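The exercises below ask you to read contacts off a model. Try each task before going through its solution.

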Amino acid sequence: MTDTNEEFDAVVIGAGFAGIYMLHKLREQGLKCRLFEAGDGPGGAWYWNRYPGARCDSESYFYCYFFSDEILQEWTWSERFPAQPEIERYLNFVADRLDLRKDMSFGARVSSTVYDEASRRWTVETDAGHKVTARYVVTAIGGLTSTASNLPNIPGIGDYKGEWYHTGHWPKDGVDFTGKRVGVLGTGSTGIQAVPVIAQTAGHLTVFQRTPAYIMPAKNHPLTEEYNAEIKANYPTIRDNVRTHWGGQPYDAPAYTFAELSLDEATRLQEEYWNNGGLRVIQLFKDARTPEVREFQEEFFRRKVRSIVKDPAKAEILEPKGYPMGAKRIALDTNYYETFNLPHVDVVDVRKTPITRITEKGIMVGETEYPLDIIVFATGYDAVTGPFRAMDIRGRGGIRMYDKLDDGPRSYVGMAFAGFPNLLAVSGVPASIEHDVEWIAALIEHAEKNGYKAVEPTQEAEDAWTEETQAKAAGSLFDQADSWQYGSNVPGKPRRFLLWLGGLNVFRERCDEVANEGYKGFTFAR
Ligand code: N01
């Protein structure tokens, strides 16, 4: 179906966690909506990221929607950390359960969205030939998106004659690694998940590592009926805990003070947490931010690498070092370190000897060429601003989002942009997405009820929020390493922090405050 020239109240872009709920919410409010999605089904990041080993590293019981008791009770997760196919099934289930498909167009990548001041409407066009108008546009395009995947600008990259893939847009039919010489470039959360699975069938696997990550064991396992029943009975409490926790995780606060423990006792506890797995591995000490705790934990994790990886030369490369733990995202693994004990798996330190070029046959490190049949780029994304800049978005007076975000991220409360009336944005993880969707829906309801045709933040409000966001990151742990969160994975991208580091609970309070004070910082026009 091509909705040429159809007029909508709202267009939603993207059918991941954010877009699905946004469409539902706006439809509930009686708006005539259309959602465009580039993939051929719901899923968003979980549609595109079907690389081997793709799995969530938040626990399934809270990596989900909380807005519907029915959905919480009807859906049952099978694993502690759900794999991509299960999350994709979940999002399909939700789309069907809420009867959303009839308002979704798949295989339709939005190419442009342009504001017309006279009619106060947006014209949205897709590469599938749609051209529609809407009063509101909500982008639910995610911060780490296939449209903005980061392919490194290594000389000769175009010369390579073998197969290559970026993990962020993995072929639906999969990739056959059987007996092949495979190279994985990138050892962030994604590479760490992909390596053990690729190694199962590859003839030879070479991992090219620039920075060794701090990696915790996932200790994933199937969930029992009893466990799921208990979780379902406790969902109201879990929901409250997610909403009031700094990081949106329904976990208890750390229980121990390192300074009060003997070294043996601290080590015993750390070992216990390691054996339980998940991101809680690092969340046991109240005084976690002191140099003593950091030193203790960093050394504990290095010892773990040395105890798992039998070849001391490989262990030396894989041991996390060179930056403080937490300055880059911590990853969860299943058999990552163990994989390097396989005789056909090697790791190459490309920090020590950088990649010089990519050749017809493979990757050249210093003077050594590694011939490869397949290269997997697990090299991440031009995060947060990249997906916005990949689309032609033009606001009042033709100003381009591409230019606006040239110096780094700018927004008011992460969701609205001066110069772009009625353009609102949702992204993040499910916990923050639910909040943003509800907040945006309330803002739109407020505008509708009061007969406003255009809502937009003031430049002053946007400037202040943007500066506050940067100030929160300055001097933080993240400030002590290069990471996608600081845009430093993309050559030439300004070093500006891309996320809100003030805590999800505080963010909620700030957004409530804006709304309760009559949407302070916004202007409304009739
Ligand atoms: O990407 P990354 P990712 N030469 O940017 C290396 C989310 N996620 O796809 O660290 C050599 O973290 C780069 O090296 P360095 C999660 O939020 C979630 O792994 O820059 N190496 C790094 O090792 C995560 O943070 C889940 O020195 C180069 C890697 O490529 C985010 O996605 C699962 C290079 C990129 O790491 C992104 O993770 C997976 C070059 N020129 C991911 N360029 C969940 O569980 C880059 N690298 C929900």
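**Exercise 1.** Which helix gives the largest share of the shell around the ligand?

Solution. This is a predicted model, in which local features need pLDDT of at least 70, side-chain atom pairs count only at pLDDT 80 or more, and totals for chains, interfaces and linings use all residues. Residues are numbered from 1 along each chain as its sequence is written, and side-chain values use heavy atoms, with hydrogens and water left out.

Step 1. Helix α5 (residues 189-199) supplies the largest share of the shell, 3 residues. Helices here are DSSP runs of H or I with at least four residues, numbered from the N terminus.

Step 2. The ligand has 24 residues around it, and Asp57, Thr190, Arg210, Thr211 and Trp484 come nearest; a residue is near if one of its heavy atoms lies within 4 Å.

Step 3. Sorted by class, the shell has 9 nonpolar, 9 polar and 6 charged residues. Ala, Val, Leu, Ile, Met, Phe, Trp, Tyr, Cys and Pro count as nonpolar, Asp, Glu, Lys and Arg as charged, and the others, Gly among them, as polar.

**Exercise 2.** Describe how helix α14 and helix α16 pack.

Solution. Step 1. The axes of α14 (residues 430-449) and α16 (residues 504-516) are 11 Å apart, at an angle of about 5°. Axes are lines fitted to C-alpha atoms over the stretch in contact, and angles run from 0 to 180 degrees between N-to-C directions.

Step 2. The two helices are therefore roughly parallel, a term for angles under 35 degrees.

Step 3. In the contact (heavy atoms within 4.5 Å), α14 contributes residues including His435 and Trp439, and α16 residues including Phe507 and Arg508.

Step 4. The contact residues divide into 7 nonpolar, 2 polar and 3 charged.

**Exercise 3.** At what angle do helix α6 and helix α7 cross?

Solution. Step 1. The axes of α6 (residues 225-233) and α7 (residues 235-244) cross at roughly 65° and come within 5 Å.

Step 2. α6 and α7 are therefore roughly perpendicular, the term for 65 to 115 degrees.

Step 3. Ile231, Lys232 and Ala233 of α6 meet Tyr235, Pro236 and Ile238 of α7.

Note on methods
Parallel < 35°, antiparallel > 145°, perpendicular 65-115°, else oblique.
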